[in-house]
Amino acid sequence: MSISVQVPYVLRHECGGKSELEVSAATVQQTLVALKDRQPKLYRNICDETGTVRRHINLFVNESLIHRKDGLETKLEPGDLLFIMTAVSGG
Amino acid sequence: MADRVVLCIGTKKGLFVAEASKSRGRFSLRGPFGSGVAVYSALIDTRKSTRIYASSCNAWFGMKVLASTDLGKKFKETKSAPAFPEKDGRALANIWSLEPGSDSKDLWAGVEPASLFRSEDGGNTWEMVAGISNHKHSKDWHPGAGGLCLHTIVRDGDRIHLGISTGGHYLSEDGGQTFNAANEGVGAGFDPNPYPEFGQCVHKIARHPDAPGRLYMQNHGGWPERPGIGVLRSDDFGHTWQSIAEGLPSDFGFPILVHPHDPDTIYVVPLEPMTRTCPEGKPAVWRSTTGGKKWKKLSKGLPKKDGYFTVLHDAMTTDTLASPAIYFGTTTGQLWMGHDGGDEWKCVFDSLPPINCVKAAVV
């Protein structure tokens, strides 16, 4: 089952300039595992050594923040879009 | 032939590089490098061709290591930053120290949570040094306000001194294979035991290569009921420590620095312990030319009043010219230079972001 990962501009240099990656996965967690294998540099910018999504990275499935659904266990349907977004933070 | 003074200034908003002729009349500034995120450690590595390394603490994407081969005109990320082994359970939060190792590509990094990493290829790949990172004491270390950080690495051949907040002073005498706590005489004002085996909040350790057995330490002082524990000296490679705080206005501070040509001359920046700012708003560096027996206040050129800044643990350094200058950066974004070993001070930059670290080299 293919879903699309939307890569933000600031991380595209970590995956050969691609803005979108096609991944076969049924959950957000499976998507991250696939990225770890296929795009390890991109993955390390999203997750730390423990596999935790970094504090200021937000993942959306279509228009919903995964924390408002089932977190990393959020299920994906064919054609879904997983957005990697940088949270508003800093100062 | 060395003809330029180069400064690396790590700030809350990236790394700046400043450069001047040997007269140090005017520094030009370039930067910020590193996407404007905080830089807590930098190294000007002059062992072979000069390279600059800096850490970059990216709140979104994690730690990066930046490297420059052209004196900081441009920087590139190294291939990787230190990272804990996958099953370890710890995640890298910051890099607090970058130091040269034994050969030209050997780098050491002190990190948060308190651990040591080593690279043998100029920062492209890193290995955790288990002898301290998995030390039996490590589960009992705890973070101070700045985090649980290994911030000081002082190397002397196979002897390696580490400063950990809050863990204390650890010493290896076998090249980093094993480490032992070496804190006899190092006090802790926040612990029921005034002199614990380990767990002190060391702020900085310094030494001079001509006097390898003598070390100086700025410890977390400022405790009314335990006076004098903040500025210390060791004459036995760090196995035991004695107070040299007498004569200072406060034994609280962060950096301690040794003159590049005289192991008896040292510098501290005493701070008021509750606010961590200059006592009475009157900034001064204090110098001892007697290894800590007597101290002299150096404030010529510094503000006479209303100066309430902090100088952090890695934000004071010196160049190595015949008449060296002392440099310190402040949390209010000023970079100060003290001519003639600190006899007279001049503000080099007055509106940088808050400064975390300053390094100098003559190249």
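In chain B, strands S20, S21, S22 and S23 form, in that order, an open antiparallel sheet; helices (H or I, at least four residues) and strands (E, at least two) are DSSP runs numbered from the N terminus, and two strands pair if DSSP finds at least two bridges between them. The edges are held by S20 (256–259) and S23 (296–298), each of which has a single partner strand, so one side of each lacks a neighbour in the sheet. From one strand to the next the twist averages 30°, with axes fitted as lines to C-alpha atoms (for helices over the stretch in contact) and angles taken from 0 to 180 degrees between N-to-C directions. Four bridges link S20(B) to S21(B) (residues 262–268) in the antiparallel sense, and His259(B) has Asp262(B) as its bridge partner in S21(B).

The model is predicted; local features require pLDDT of at least 70 and side-chain atom pairs pLDDT 80 or more, whereas totals for chains, interfaces and linings use all residues. Residues are numbered from 1 along each chain as its sequence is written, chains are lettered from A and ligands numbered from 1 in the order in which they are written, and side-chain values use heavy atoms, without hydrogens and water.

A further open sheet of chain B contains four strands in the order S16-S17-S18-S19, again with antiparallel pairing. Here S16 (202–207) and S19 (242–243) stand at the edges with a single partner strand each, so that one side of each is left without a neighbour in the sheet.

Gly253(B) lies in the loop between S19 and S20 of chain B. The residue is buried, with a relative accessible area of 0% (buried means under 20%, exposed over 50% and partly exposed in between, with a 1.4 Å probe and protein chains only). Leaving aside residues up to four places away in sequence, Gly253(B) touches His203(B), Gln218(B), Asn219(B), Val269(B) and Leu271(B), where contact means heavy atoms within 4.5 Å. Leu148(B) is 105 residues from Gly253(B) in sequence and 18 Å from it in space, C-alpha to C-alpha.

Elsewhere in chain B, a hairpin of five connecting residues leads from S4(B) to S5(B). S4(B) and S5(B) (residues 51–58) run antiparallel and are joined by four bridges; the bridge partner of Leu43(B) in S5(B) is Tyr53(B). In a regular strand, side chains alternate between the two faces of the sheet. Within S4(B) (residues 42–45), Ala42(B) and Ile44(B) point one way and Leu43(B) and Asp45(B) the other, and all are buried.

Chain A comprises two helices and five strands, arranged along the sequence as β-β-α-α-β-β-β. Its radius of gyration of 12 Å agrees with the value near 12 Å for a compact globule of 91 residues, taken over C-alpha atoms and with the rule of 2.2 Å times the number of residues to the power 0.38. The C-alpha trace of chain A spans about 35 × 30 × 25 Å along its principal axes, and 45% of the 91 residues count as buried.

The contact between the chains involves 15 residues from chain B and 16 residues from chain A. Trp60(B), Phe61(B) and Glu86(B) supply 51% of the area that chain B buries against chain A, more than any other three residues.

Methods:
Buried area is the accessible area (1.4 Å probe) that two parts lose on being put together, summed over both.
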